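Let's take a walk through the open space in this protein, pocket by pocket. Keep the viewer handy.

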Amino acid sequence: MTRVAAIDCGTNSIRLLVADADPATGELTDLDRRMTIVRLGQGVDRTGRLAPEALERTFAACREYAEVIKEHGAERLRFVATSASRDAENREEFVRGVLDILGVEPEVITGDQEAEFSFTGATKELTGRGDLTRPYLVVDIGGGSTEFVVGDDHVRAARSVDVGCVRMTERHLVHGGEVSDPPTEEEIAAMRADIEAALDLAEQSVPLRDAHTLVGLAGSVTTVSAIAQELPAYDSTRIHHSRVSRDRVREITERLLRSTHAERAAIPSLHPGRVDVIGAGALVLLALMERTGAEEVVVSEHDILDGIAWSLT
């Protein structure tokens, strides 16, 4: 086995996985898996730049992760950065900071590469499951972008589009620095139109409706599952490979979009860093399920982070 460390730095969160990887069995044994909300993509859609305070939050998390990696003695480390750092004019400042702290240069990957990692991470352990019919449609709803991947054992087609929970919230629900509380019908309609246009774009290269099993990844999807199960606290073991029906996703999405900040913050399984953006993330999931006719989504806690880890073996 190989002890590896993978870091996924997205628009809303930065995550670390330290694991022992066994290519012979296809198993990853977690030693440490953690997530920090840093909101690196704060304001990027509007300014085109990474904000100084967002960079500092991210660098603080990197310092913490460097200690964890050292404690576990990981042999290999890979740091992958996604949507926000792809879009930013000052991404070199981000690259230099990460290199100084962790000793590796962050790889600002393309949307297609992101999709490949997500697919591998989500589906590697599904091989041989008789209750899940292939091909899979893997959807990774991030903060700044969403990846759609269709495949069997390997990727057939993939596309990344610029809709995510942070980007949609900032574009449609933030006015004068304040988030609508709750959003108006007009704001929700504008956000939905943006998402539908992105799905149109994705369908130009990915046959979304050909898949038989929808697998949903990342915080927006896992949080919807936690809410659907009415968990008293976020519990990844209960969430991993849970299934949520389209009707339940619709019910939860409508509830989130019509609730106030205080009402959402009172949901026990909802991370404080997702309170303002979860409605937009849930809406992306609902729009996809309605577009494809998927009756349910299989929720996976294993995603791009696991795919990055496997790439080190």
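Start with the largest pocket, which has a volume of about 600 Å³. Of its 33 lining residues, S13, R15, M35, G219 and R274 sit closest to the centre. A pocket here is an open set of points on a 1 Å grid over the protein atoms alone, where a 1.4 Å probe fits, with protein on both sides within 12 Å along at least five of seven lines; lining residues have an atom within 4 Å of a point. Points are joined across faces, edges and corners, and the volume is the space filled by probe spheres set on them.

This is a predicted model, so to speak plainly about cut-offs: local features need pLDDT of at least 70 and side-chain atom pairs 80 or more, while totals for chains, interfaces and linings use all residues. Residues are numbered from 1 along each chain as its sequence is written, and side-chain values use heavy atoms, with hydrogens and water left out.

Back at the largest pocket, β2 (13–22), β3 (27–37), β6 (136–141), α8 (219–228) and α13 (304–310) each supply at least two lining residues. Helices (H or I, at least four residues) and strands (E, at least two) are DSSP runs numbered from the N terminus. The lining has seven nonpolar, 16 polar and ten charged residues, with Gly counted as polar and Asp, Glu, Lys and Arg as charged.

Now the second largest pocket, at about 370 Å³. Q42, G43, R46, E170 and V174 lie nearest its centre, and α6 gives the most to its lining, four residues. Domain 1 (2–109) and domain 2 (120–304) both contribute lining residues, so this pocket lies between them; the bounds come from an automatic or database domain assignment.
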